[in-house]
Amino acid sequence: MPHSPSRRTFVKGLGAATAVAGLGLWRPLASAAEGHRPGQPLQGQDFELYVGQTPVNITSRPRTALTVNGSLPGPQLRWREGDSVTLRVRNRLTEPTSIHWHGIILPANMDGVPGLSFAGIEPGGDYLYHFTLRQSGTYWYHSHSGLQEQAGVYGAIVIEPREAEPHAYQRDHVLLFSDWSDQAPEALLATLKKQSDAFNYHKLTVGDFIEDVARDGWRKTVDERLMWADMRMSPTDLADISAATYSYLLNGQPPEGNFTCLFRPGETVRLRLINASAMTYFDFRIPGLKLTVIAADGLPVVPVTVDELRIAVAETFDILVEPGDAPAYTLFAQSMDRTGFARGTLAHAPGQCDPAGAAGQRRGARAAKPAPAHHGVAGNHRCRPPRSLSPSAGPPGA
Ligand SMILES: [Cu+2]
């Protein structure tokens with residue numbers, strides 16, 4: 001049953017920029033980030049980036065994210081194959097940081113992995129990354145220090161090829177997925193170290209046992225339970241952390257944010273999917289559209305057309321879609337354990353959405369029961385205009 005948008009659901013899910021703007025705290029520092037909303041592209045060969053703390057409010061609870069240039073995700077970096085890029089990364093945290101350019105071919109001391117020809121960036125310090133781009137495609141960057149990536153230090157990289165693209169398309173959108181928790185990443189890890197299934201709310205019950213015996217018989221059911229017990233695993237352990245704890249984000253927006261990217265009828269749209277999660281695998285689909293995969297992890301592949309694809313942590317896929325006559329299509333990325341999802345809309349205009357598109361949330365065989373997730377199930381979502389992400393936006397709900 002559709003719920004009415006309460007103040008809580010409205011406030012819930014504010015991305016970094018909006019929340020900060022609402023509080024009047026938006027102060028882009030003198031950097032290339034000025035005037036850019038989260039994940040917006042920065043182009044060129046010289047980049048000024050900083051890792052710092054930013055107040056966010058994803059779930060109606062104010063928290064502090066670690067961010068690049070004050071936004072979550074950090075700015076999308078648009079490079080050109082053959083160019084030499086220079087990136088000065090400043091550390092405004094009180095702990096060491098680093099930026100690792102995931103999938104980029106470069107000298108070891110430019111890779112940004114502390115301990116590998118690079119000591120990391122001390123608080124208050126900076127590091128000058130400089131390398132020449134010998135590839136094209138879709139990649140991403142993230143902190144390689146501690147658990148800063150989980151806390152928000154990530155962004156997209158798009159490298160335009162020198163030669164003409166083999167595929168024709170009229171739109172090019174980045175869809176960066178991630179998982180956010182209001183709990184500190186260190187707390188999540190500490191909990192998992194003590195009890196690896198602490199976040200699994202789908203453990204099998206006596207009721208499941210009785211059902212399984214009725215369906216499969218006593219012998220098979222007991223054998224199966226013993227097999228799992230032998231492995232010290234649970235058949236419902238599909239993700240260490242579920243939607244009970246995580247909010248799944250699309251370009252920094254939770255489902256309620258309805259991140260929207262645009263198309264016009266007749267256009268072919270290139271979508272660059274990036275899984276910047278700490279540990280969530282997503283099954284991505286656009287109900288009503290076929291997805292033609294043209295690249296994986298930045299590399300071109302023989303095109304393959306699918307209804308759905310699974311994207312693991314740190315993977316990227318480039319797909320082409322040809323939207324039909326509908327004004328809006330749902331971009332739907334469900335967590336592999338079926339407890340939650342990230343979603344947005346591909347639409348003619350901001351504010352449109354496909355009310356039926358997200359209703360087909362499929363349930364896994366075992367992880368079937370709706371989690372006590374704060375995002376509910378897909379069908380419960382009302383179409384809501386996307387919030388403005390412009391730093392000049394007024395306070396939401398005001
Ligand atoms: Cu990486």
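Predicted model: local features only at pLDDT ≥ 70, side-chain atom pairs only at ≥ 80, totals over all residues.
1. Start with Phe317, which sits in strand S18 (residues 316–321). Phe317 counts as buried because 24 other C-beta atoms lie within 10 Å, against a cut-off of 20 or more.

2. What does Phe317 touch, once its neighbours within four places in sequence are left aside? The contacts are Leu273, Val293, Ala295, Ala296, Leu309 and Ile311. Asn275 is worth a look too: 42 residues separate it from Phe317 along the chain, yet the two C-alpha atoms are 9.0 Å apart.

3. Next, strand S8 (residues 137–142). Is S8 largely enclosed or largely in the open? Six of its six residues are buried, so S8 is largely enclosed by the rest of the structure.

4. The burial in S8 applies to both faces. Gly137, Tyr139 and Tyr141 are buried on one side, and Thr138, Trp140 and His142 are buried on the other.

5. Which strands pair with S8? Strand S6 (residues 100–102) runs antiparallel to S8 and is joined to it by three bridges. Strand S9 (residues 154–160) is also antiparallel to S8, with six bridges between them.

6. Now the helices. H4 (residues 206–216) and H5 (residues 218–231) pack with their axes 7 Å apart, at an angle of about 130°. An angle of that size makes H4 oblique to H5. On the H4 side the contact involves Phe209, Asp212, Val213 and Asp216, and these meet Trp218, Lys220 and Thr221 of H5. By type, the residues of this contact are three nonpolar, one polar and three charged.

7. H5 itself has 14 residues and spans 20 Å from its first C-alpha to its last, close to the 20 Å expected at 1.5 Å a residue. Is H5 enclosed or in the open? The number of buried residues among its 14 is zero, so H5 lies largely in the open.

Note on methods
Residues numbered from 1 in each chain as written. Helix = DSSP H or I, 4+ residues; strand = E, 2+ residues; numbered from the N terminus. Buried ≥ 20, exposed ≤ 12 C-beta atoms within 10 Å, placed from the backbone. Contact = placed C-beta atoms within 7 Å. Pairing = 2+ DSSP bridges. Axes fitted to C-alpha atoms, helices over the stretch in contact; angles between N-to-C directions. Parallel < 35°, antiparallel > 145°, perpendicular 65-115°, else oblique. Nonpolar A, V, L, I, M, F, W, Y, C, P; charged D, E, K, R; others polar. Expected span 1.5 Å × (residues − 1).
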